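Please examine the structure shown below.

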Amino acid sequence: MSSSSLPTKPPPPPRPKTRGSYNCGRCGQPKKGHVCNLPSPADGGPASPSPSSSSGAAAAADSRLRRALSFDDTTPTPSSPEKKPRAHDEEDGDDAMDEDEEAMELGGRAVPTEVIVEVLRRLGPRGVLEATAVSRGWRDCAARVWRAAEELRLRPAGGGLVAALLPRCTALSRLVLHMESDVDATMLSCLAFSCSSLETLEITMADKAVNSMTGEELSRLVSEKHSLSSLKVGGCSNLGFINISSSSLEVLWLSDLCSLSKSVINCPNMSELSLCFTQQSNDCTDLVSLVDGLGHSCPNLRNLHISSVQLSNEAVSALENANLRGLCMLSLILGSKVTDAAVASIVRSCASLDMLDLSGSSISDNGVGMICKAYPHTLSRLLLALCPNITTSGIQAATAQLPLLQLMDCGMSLRSNLQNEKQGAYFGEINGRIRLCPKLPTLKKQPMRQKLIIKHENLKKLSLWGCSAIDALYVKCPELNDLNLNSCTNLHPERLLLQCPNLKNVHVFGCQEMLIGAIRNQVLNEFAAAEPHLPCKRLADGSKRVQLSEFPEKQSPEDKRVIGLMRAGCTIHLYS
């Protein structure tokens, strides 16, 4: 019998697998991130074995084409080999997409997108905008930064930047704009239809920028922002009128106002209101009706600031009719027509004030006495700058009768009327900066040489800028850390005594050189460096100790270090 007639022995069954294959069943490539390009049998590939073929060959062919789903059963199961690899390829594609979303290739290395997003958050808005032009991955990371942004500060030169960014910042709650271009209706409409959850909006204007916002546009903006709680807008010279109604608005600041025909502010939850008018003599705003209406429309008002040259006793007296008993901070500045009668109205209408600012008024020492009697247990900040009728007696009475006082500003109140002084006056601030004030109340003739003595246990900031009538000054305030003596031109160096161990800043712009040297000697303890450090010896009877001058001892490094620390504890500011 020939060997060709003998029956062929079937191949042995394949060895059962204990784990799945990591290679493609068609081309043998690794399955990780792989999409097979070989056609499946259903797409015109090699035909499957015919039914007349042996069962062993069919099993071998089947095991070569299909994905092993069962690791225990080695018998072929009726399945569709063309569907299961396709499902596996789709899963691999999804995993690859997830990996692409979680990491980006940067410099040949995979960097997590969270790191890229965190880096972009530390850039400014323009830097994030430039990053969007790199690639799609960078653009997606920038989009995540915009979506998560809660605060945005911009200095736009036009409305295009604001219009491009605000729709992307869906979670924005605080927006600060320092406009270098004009504010028009287009920008206001962009603000109105973007950032639905906006809570704080601040708009300040550059020197050459113009705010053309009208009263109607401002009213529409506030009414469409239901979550807006704080609004601060500068350059409001074109409003014409104010008609604001909002149940969510709590803080409202409007500056550069002029000639308002109507002023209606209906905000029951408002706690702080600041209205700054331009210093024009032709301003026709009715401040009496404005203050009178605040009691009905803003009953919860706690902080009120009004700056206007049209302030008068009648406008201040309207506080009594407004019945704003909850006021804690009251600032009525640049009202040269405000006298002691207005102080009496303030005392009757405000029960407990924490801060009172009557700078630029014409009150006298009697008005200061009324303030001290009314608020001895609550007043901590008193600002009486540019009050020419106040003397050193009123200032000393205030520091003696107000034990909780922490801030006192009397700048330009004690001013001598000399012909050689500059005609333009200063309007200073407690931190030492100086700015010009175009108009002042009529100056009362002050004595040329006045002596000022201030003793207080809690006073922290004292401003005497421009008090050229002071000839002698004695300050004993253990908690004082800021002293402003700018333009105290007649203060004598030998009649100055400062006993303020915690003093940190002294402003001496415009003072004499000898006065600056005296302040340095007292404040910076330069005399301590010149004191001899000599050994001492007790006498034989033990009565007292005497210095041994014939055996001088060198100053130790520890003493030099202590003196250096004492000098570094205070700063002398020679410039404004």
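Two strands are said to pair if DSSP finds at least two bridges between them. Helices (H or I, at least four residues) and strands (E, at least two) are DSSP runs, numbered from the N terminus. This is a predicted model, in which local features need pLDDT of at least 70 and side-chain atom pairs count only at pLDDT 80 or more, while totals for chains, interfaces and linings use all residues. Residues are numbered from 1 along each chain as its sequence is written, and side-chain values use heavy atoms, with hydrogens and water left out.

**The chain as a whole**

- The secondary structure of the chain comes to 16 helices and 26 strands.
- Buried residues make up 41% of the 576 residues in the chain; buried means under 20% relative accessible area, exposed means over 50%, and partly exposed lies in between (1.4 Å probe, protein chains only).
- Among contacts (heavy atoms within 4.5 Å) between residues at least 6 apart in sequence, 57% join residues at least 24 apart.

**A three-stranded sheet**

- Three strands form an open sheet in the order S18-S20-S22, and the pairing is parallel.
- Strand S18 (450–455) and strand S22 (496–499) are the edge strands, each pairing on one side only.
- Neighbouring strands of this sheet are turned by 15 degrees against each other on average, direction ignored; axes are lines fitted to C-alpha atoms, for helices over the stretch in contact, and angles run from 0 to 180 degrees between N-to-C directions.
- S18 is joined to strand S20 (residues 470–476) by six bridges, and the two run parallel.
- Ile 454 stands opposite Val 475 in S20.

**Strands with two contrasting faces**

- In a regular strand the side chains alternate between the two faces of the sheet.
- Strand S7 (residues 242–245) has a covered face, with Ile 242 and Ile 244, and an uncovered one, with Asn 243 and Ser 245.
- S7 is joined by four bridges to strand S9 (residues 263–266), which runs parallel to S7; the bridge partner of Ile 244 in S9 is Ile 265.

**A pair of helices**

- Two packed helices are described by the angle between their axes and the distance between the axes.
- The axes of helix H11 (residues 340–349) and helix H12 (residues 365–374) come within 9 Å and cross at roughly 10 degrees.
- H11 is therefore roughly parallel to H12; angles under 35 degrees count as roughly parallel, over 145 as roughly antiparallel, 65 to 115 as roughly perpendicular and the rest as oblique.
- The contact is made by Asp 340, Val 343, Ala 344 and Val 347 of H11 together with Asn 366, Gly 367, Met 370, Ile 371 and Ala 374 of H12.
- The residues of this contact divide into six nonpolar, two polar and one charged; Ala, Val, Leu, Ile, Met, Phe, Trp, Tyr, Cys and Pro count as nonpolar, Asp, Glu, Lys and Arg as charged, and the others, Gly among them, as polar.

**The nonpolar core**

- A nonpolar core is a set of buried Ala, Val, Leu, Ile, Met, Phe, Trp, Tyr and Cys residues joined through side-chain atoms within 4.5 Å.
- The largest such core has 130 residues, and those with the most contacts inside it are Leu 191, Leu 254, Leu 330 and Leu 382.
- Leu 330 lies in strand S12 and is buried, with a relative accessible area of 0%.
- Leaving aside neighbours within four places in sequence, Leu 330 is in contact with several residues, including Leu 304, Leu 319 and Ile 346.
- Leu 304 lies in strand S11 (residues 303–307) and is buried, with a relative accessible area of 3%.

- Asp 256, which is not a glycine, has a positive phi of about 60 degrees; Asp 256 lies in strand S8 (residues 251–257) and is partly exposed, with a relative accessible area of 38%.
- Asn 323, a residue other than glycine, has a positive phi near 60 degrees; Asn 323 lies in the loop between helix H10 (313–322) and strand S12 (329–333) and is exposed, with a relative accessible area of 52%.
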